[in-house]
Amino acid sequence: MNYSEIKYFDIANGEGVRTSLFVSGCRHGCPGCFNPDQWDFTAGKPFSREVQDKIVESLAPEYVDGLSLLGGEPMEPENQRALVDFVERVRQTYPGKSIWCYTGDLLDDLRNPNSPRHTEVTDRLLAAIDVLVDGPFVQAHHDITLRFRGSSNQRIIDLPATLAGDKVVPWRDDPQFTSHVMVALNAKEPAE
């Protein structure tokens with residue numbers, strides 16, 4: 001597998017400060033995609049052990065909240081196979097840090113053993129992810145006010161809770177961000 005970019009100290013692709021890995025390769029071809037250069041599986045550089053070690057090291061500081069996987073498409077079958085051991089390593093090394101994954105696939109397709117998107121490692125990979133942002137980017141549903149997703153059809157899923165039950169459980173954002181209005185906490189009312 002190749003990767004196109006690594007962003008350290010990223011605050012746009014998941015909650016808190018993160019290291020974000022942008023893998024190469026995507027067959028979805030969503031119109032309006034923000035990363036069409038990463039559709040090519042040969043774009044970027046090899047995802048070597050040295051690169052993996054550097055990412056794992058970048059997650060060590062207490063102020064780093066976790067790892068985000070983006071693309072390209074992390075859930076392309078060949079990318080799943082290349083990522084699973086690495087993601088399980090991150091989970092084992094930092095059990096208190098979150099792992100987010102952005103995919104143009106739907107969770108139902110990834111979990112369906114008859115889907116071409118489901119591989120022999122899909123269940124292992126999903127079990128190591130905390131938050132899955134699923135669904136293709138749809139230009140007609142693009143909304144810049146949305147947090148952590150590009151279009152309103154995309155879901156932000158609490159993956160452990162979802163996998164433990166039989167229905168999709170949405171990830172719960174801090175209530176301060178649900179209305180798109182900033183509210184001062186513990187602010188005193190102005191004197192009249």
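A disulfide is taken here as a pair of cysteine sulfur atoms within 2.5 Å, and by this rule the count comes to zero. The model is a predicted one, so local features need pLDDT of at least 70 and side-chain atom pairs count only at pLDDT 80 or more, while totals for chains, interfaces and linings use all residues. Residues are numbered from 1 along each chain as its sequence is written, and side-chain values use heavy atoms, with hydrogens and water left out.

On to the cysteines. The sulfur of cysteine 101 has its closest cysteine sulfur in cysteine 26, and because the two are 12 Å apart they are too far from each other for a bond. Burial is worth a look too: buried means under 20% relative accessible area, exposed means over 50%, and partly exposed covers what falls in between (1.4 Å probe, protein chains only). Cysteine 26 is buried at 13% relative accessible area, and cysteine 101 is buried as well, at 1%.

Now the sheet. Helices (H or I, at least four residues) and strands (E, at least two) are DSSP runs, numbered from the N terminus, and two strands pair if DSSP finds at least two bridges between them. Seven strands make up an open sheet with mixed pairing, in the order E3-E1-E2-E4-E5-E6-E7. Its edges are strand E3 (45-46) and strand E7 (155-158), each of which pairs on one side only.

Strand E5 (residues 98-102) pairs with strand E6 (residues 131-134) in the parallel sense, over three bridges; here tyrosine 102 sits opposite valine 133 of E6. E5 also runs parallel to E4, and four bridges join the two. Cysteine 101 turns up again at this point, as the bridge partner in E5 of leucine 69. E5 is mostly covered, with four of its five residues buried.

Next come the helices. Helix H1 (residues 49-58) lies across strand E1 (2-10), strand E2 (17-23), E3 and strand E4 (64-70), and runs at about 15° to E1. Axes are lines fitted to C-alpha atoms, for helices over the stretch in contact, and angles run from 0 to 180 degrees between N-to-C directions. H1 also packs with helix H2 (residues 77-93), at an angle of about 30° and with the axes 11 Å apart. That makes H1 roughly parallel to H2, since angles under 35 degrees count as roughly parallel, over 145 as roughly antiparallel, 65 to 115 as roughly perpendicular and the rest as oblique. The crossing of H1 past H2 is right-handed, meaning that the near helix is turned clockwise from the far one by less than a right angle. With contact meaning heavy atoms within 4.5 Å, Arg49, Gln52, Asp53, Ile55 and Val56 in H1 meet Phe86, Arg89, Val90 and Thr93 in H2.

Most residues other than glycine have a negative phi, and most peptide bonds are trans. Glycine 71 and glycine 72, however, are joined by a cis peptide bond, with omega about 20°; glycine 72 belongs to the loop between E4 and H2. Phenylalanine 9, in strand E1, has a positive phi of about 60° although it is not a glycine, and this residue is exposed at 57% relative accessibility. Phenylalanine 148 likewise has a positive phi, near 65°. This residue is found in the loop between E6 and E7 and is buried, at 9% relative accessible area.
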